[in-house]
Structures are given as structure tokens and as C-alpha cells.
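Subject: The structure I promised you

Hi,

Here is the structure we talked about. Could you open it alongside this email and click through the residues as you read?

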Amino acid sequence: MSSTSGRSTGLPGPTFDPYDNAPELVPLRDAARAGDWPAVQACFRRFRSVDEVSSAASVLADITGVRKLLERAVAESPGDPLPRTLLAHRYVSLGWDIRGSARAQHVSRSQFERFHAWLRRAEQLLIEVCAEQPAYAPAWTVRLMTARGLELGQAEARRRYDRLSAHHPHHYAAQTQLLQQICPKWGGSWDAAHGFARECAAAAPDGTNAGALVALAHVEHWLDLEGTEGGAYMRGVPVRDDLRFAAQVSVLHPSYRPDGNAIGAHSAFAFAFSIGGHFADAAPHFAFLGDRASEFPWQYTNDPRASFLKFRKSATNA
């Protein structure tokens, strides 16, 4: 997976580059590219929460060439859960790059075989980590990705999430992964997806990112509708009010403190409000974002940069 940023292309507008948006991850990237495992390890030791570890692991997994570094780290420290989890995440990233983002009917048999081979390698590492350290959230989060990719089913994905949430009940990265699993495109239902998103938002303390799951569920629903149905759905008062409430108790709440997931959470609300034409509601989220954005869910448009700029202009003038 590659990132596109306005800064790197010389074009005005949003940067989708995670290192522009989170400069604190630059030392991690540089250490990984240099093949310096002790420096990579030191970066992870500075993270204060499992959310930060999972976010950084996701970014590290997309660094070209990092696989050899991580395989060497696993060989040198076979009992350490961090290198095994990071390597598993890299395997998943390599597999998903082969599969692509198309629906299953548009993925070839050869792609599926290679995709599943990488995921099975990841799963072997993660099974060991989770057996040894059942409270290790980053490994369970990646296992939600392997469960989906290997088509292990709704019950198994829920079991894995329940094991994680018993120790970390509001782990946003894991929640976003399970939300994908319980959408219809992966064998779930809209009732399950919306219900899970609202449950997470209601259960979390005010001022966390959990409310963004409500926005993401509506975006996924919009994406699944045909023709003009999607726009009509997002313009509807029930969806608008659902989004408004979720935003007020999460990223717009007075107690909210931005973290590594803040840009993704605000992007979810900015996108969801905008595709429904609720630009005044989108405005505070664009104000927070400025020239920053996460690739997801903007990647759901044909031209993420142009869509961001168009919607932001409408929100600014609302």
C-alpha cells in the first residue's frame, strides 16, 4: 500500500502521508529503513498505550523492505511478542496487496492462493503470541484481519474480538477491524454493523474516537447502495442525527484529546457528513484536519484529493 500526499506531489491540498500527519513516527520509519531493530524497538517502548502500538504497527507494516528486518528480529528474539506481531502484520500487508480491494468475484484464484498463503504465515506467528500473552492487543488486532481474509466466519471473528476486549474494551483499531468483518460484504449484516458501532460509541467514555465507528458504518452502508440510493441514504435525517450525536460524544466532546487515531476519526465524520450534503456539520471536522487526512475512507472516491478539497470548500462556505 502506498500513501499519496499533497506535499510530496507538489500539489496544494491534503496530505495523506502518515508521516506528515504524525511526525512522531518519522524516527520509526527511518530506523526501519536503516534496518536498525534496536532503534525500532526503542520507538515502540516510547508509546504509552496499546492504541499507539497498533497504529504504529499498521504504518510499519507498509514500509517496503521491512520484512527482512523483522524476520531477523524474530530469529534473534523468538520469545518477544513485538517482532512476531510486527512481522505478522507485514505478512498480512503483503497478502492484501496481492488480493487488492476488489470484491471477491473480481479476485483471481491465483491472487486468493497467494493472499491466503501470506495470511496463514501470519496466523502461525499470532497463534503463538496470543497463547503466550492473551492480553496482547496488537496481536489480537492483526488476528481480526487474518480471520477476515481467511474467511473464518463471523463467530470466530467475534471470539477473537471478545478475547481482546476482555482486556482492552475500547481498542479502536480492533473495533474498526471487526466493523469491516460484520458488514454484509464479509458475511455480516447492516443490523449487526450499525448495532456494533453504536454499542462501541455508547460503551466508551465521552471524548474518545469510538463515535467515529458510527460514521464508518454509515459510509460502508452508503458504499453498498446502488445509484442514487446512497446519496439519499446519507442525506436522510436519521443518518444525519445519528452522525451528529456520535460526533458530539466523541471527537467534538470537550474532554476529547487528539491521539494517533484522531485524523482518521475526524476524516470519517468529515467524509460521512459531506457525502450527505451536511456541510455545516462537516465544518468542525475539516477545521481540525486542515491539510491532513487519512487515506480511509477518502479512498472510496475516485479522486480522494479532489473530493477532500471540494467537500472542504463546501464546508467552509456552509
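Below is what turned up, grouped by topic.

A word on the ground rules before the details. This is a predicted model, so local features need pLDDT of at least 70 and side-chain atom pairs count only at pLDDT 80 or more, while totals for chains, interfaces and linings use all residues. Residues are numbered from 1 along each chain as its sequence is written, and side-chain values use heavy atoms, with hydrogens and water left out.

Let me begin with the core. By nonpolar core I mean a set of buried Ala, Val, Leu, Ile, Met, Phe, Trp, Tyr and Cys residues joined through side-chain atoms within 4.5 Å. Buried is under 20% relative accessible area, exposed is over 50%, and partly exposed is in between (1.4 Å probe, protein chains only). The largest nonpolar core has 99 residues, and Phe44, Leu60 and Trp298 touch the most other members. Helix α16 (residues 262-275) supplies the largest share of this core, 10 residues. Helices here are DSSP runs (H or I, at least four residues), as are strands (E, at least two), numbered from the N terminus.

Next, Phe115, which sits in helix α8 (residues 109-132). Phe115 is buried, with a relative accessible area of 0%. Its contacts, leaving out residues up to four places away in sequence, are Gly95, Trp96, Ile98, Arg99 and Gly149. Phe115 and Leu150 are 35 residues apart in sequence, and their C-alpha atoms are 8.8 Å apart in space.

Now the salt bridges. I count a side-chain nitrogen of Lys or Arg within 4 Å of a carboxyl oxygen of Asp or Glu, and the whole structure has 16 of them.

- Arg67 with Glu71, at 3.0 Å from N to O. These two are 4 residues apart in helix α6 (residues 66-76), so about one helical turn separates them. Arg67 is partly exposed at 30% relative accessibility, and Glu71 is partly exposed at 25%.
- Arg159 with Glu156, at 2.9 Å from N to O. Because they are 3 residues apart in helix α10 (residues 154-165), about one helical turn lies between them. Arg159 is partly exposed, with a relative accessible area of 33%. Salt bridges with shared partners join Glu123, Arg143, Glu156, Arg159 and Arg160 into one network.
- Asp241 with Arg240, at 2.9 Å from N to O. Asp241 is partly exposed, at 35% relative accessible area.

How many cavities of 30 Å³ or more are there? The count comes to 1. A cavity, on a 1 Å grid over the protein atoms alone, is a set of points where a 1.4 Å probe fits but cannot get out, and lining residues have an atom within 4 Å of a point. Grid points are joined across faces, edges and corners, and the volume is the space filled by probe spheres set on the points. The largest cavity has a volume of about 30 Å³. It is lined by Arg103, Cys183, Pro184, Lys185, Trp190, Glu220 and Asp224. By class, that lining has 3 nonpolar, no polar and 4 charged residues. For those classes, Ala, Val, Leu, Ile, Met, Phe, Trp, Tyr, Cys and Pro are nonpolar, Asp, Glu, Lys and Arg are charged, and the others, Gly among them, are polar.

Trp190 comes up again with His221: leaving out residues up to four places away in sequence, His221 touches Trp190, His194 and Tyr233. His221 lies in helix α13 (residues 212-224) and is buried, at 14% relative accessible area.

Then there are two backbone details. A cis peptide bond, with omega about 10°, joins Phe296 and Pro297, and Pro297 is in helix α18 (residues 295-298). Glu151 has a positive phi of about 55° although it is not a glycine. You'll find Glu151 in the loop between α9 (137-149) and α10, where it is exposed, with a relative accessible area of 54%.

Last, Gly276, in the loop between α16 and α17 (279-289). Gly276 is buried, at 3% relative accessible area, and, neighbours within four places in sequence aside, is in contact with Met234 and Arg235.

Cheers

Note on methods. Contact means heavy atoms within 4.5 Å. On a 1 Å grid over the protein atoms alone, a cavity is a set of points where a 1.4 Å probe fits but cannot get out, and a pocket is an open set with protein on both sides within 12 Å along at least five of seven lines; lining residues have an atom within 4 Å of a point.
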